[in-house]
Amino acid sequence: MQHGQILIADDDAVVRLDLKNMLEAMGHTIIGEAGNGEAALLMARKLKPDLIVLDVMMPGMSGLEAAECIARERLGPVMLLTAYSDIAIIEKANRAGVLAYLVKPFRHQEIQPAVEIAITRYREMMALEGAVHSATDQLETNRIIGRAKHILMNKHTVGDQEAYRRLTAQSIATNSSLREISEAILLAEDMVGSSPRRSR
């Protein structure tokens with residue numbers, strides 16, 4: 001069982017209290033309570049909870065609107081509380097980035113699985129995004145190093161391995177990464193290429 005720091009938002013104080021008691025009995029910590037979506041969003045930005053539980057219908061900013069902002073800003077996973085179980089609400093919840101939901105009146109035995117699902121799905125999603133970002137960044141680094149090698153090969157009439165050796169030597173000598181050295185070479189080449197030619 002994952003014990004998390006949870007933010008709950010519902011305009012009904014009785015529902016908030018019931019939910020708080022249930023979650024705390026499961027070992028979770030309630031780090032914030034809000035009565036509307038806007039307050040929940042502000043708290044999520046400040047507190048970075050492990051889970052945000054939002055009621056669908058709240059005055060001002062609704063739970064769905066808050067969920068969209070929270071998902072867009074990657075503030076944490078959202079579990080939605082709703083009195084409605086129709087397809088339209090579920091579809092809106094999915095589009096808003098909601099990872100789990102409970103239909104009121106919820107039962108004690110339903111809460112923990114929903115909490116587990118939301119937290120686990122979010123962590124998996126973040127890990128996947130991190131892996132994609134890392135792979136994309138590595139591809140860009142390889143492309144930059146390749147361009148820098150090509151410049152050295154043309155400028156000094158050397159082969160691929162010698163150009164790479166020179167990049168590596170410069171990287172070690174200056175305590176810089178291969179990407180930083182390569183970017184400096186590309187920048188210098190761009191400056192030479194863009195400088196105006198002197199007229200004779």
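**Reading the salt bridges**

Analyst: D10, D55 and K104 are linked in a network of salt bridges. The model is predicted, so local features need pLDDT of at least 70, side-chain atom pairs count only at pLDDT 80 or more, and totals for chains, interfaces and linings use all residues. Residues are numbered from 1 along each chain as its sequence is written, and side-chain values use heavy atoms, with hydrogens and water left out.

User: What is a salt bridge?

Analyst: Side chains of opposite charge can pair when their charged atoms come close. The criterion is a side-chain nitrogen of Lys or Arg within 4 Å of a carboxyl oxygen of Asp or Glu. In the whole structure, a search finds 13 salt bridges. One of them joins K104 to D55, with the closest N and O atoms 3.1 Å apart.

User: Is D55 buried or exposed?

Analyst: Buried means under 20% relative accessible area, exposed over 50%, and partly exposed in between (1.4 Å probe, protein chains only). D55 counts as buried because its relative accessibility is 5%, whereas K104, at 21%, counts as partly exposed.

User: Which side chain does H28 join in a polar contact?

Analyst: A polar contact is a pair of N or O atoms within 3.5 Å; within protein, one must be able to donate a hydrogen and the other to accept it, and residues adjacent in sequence count only if both atoms are side-chain atoms. The side chain of H28 makes such a contact with that of Q112 at 2.9 Å. The H28 side chain also reaches the backbone nitrogen of G4 at 3.0 Å. H28 is buried, since its relative accessibility is 3%.
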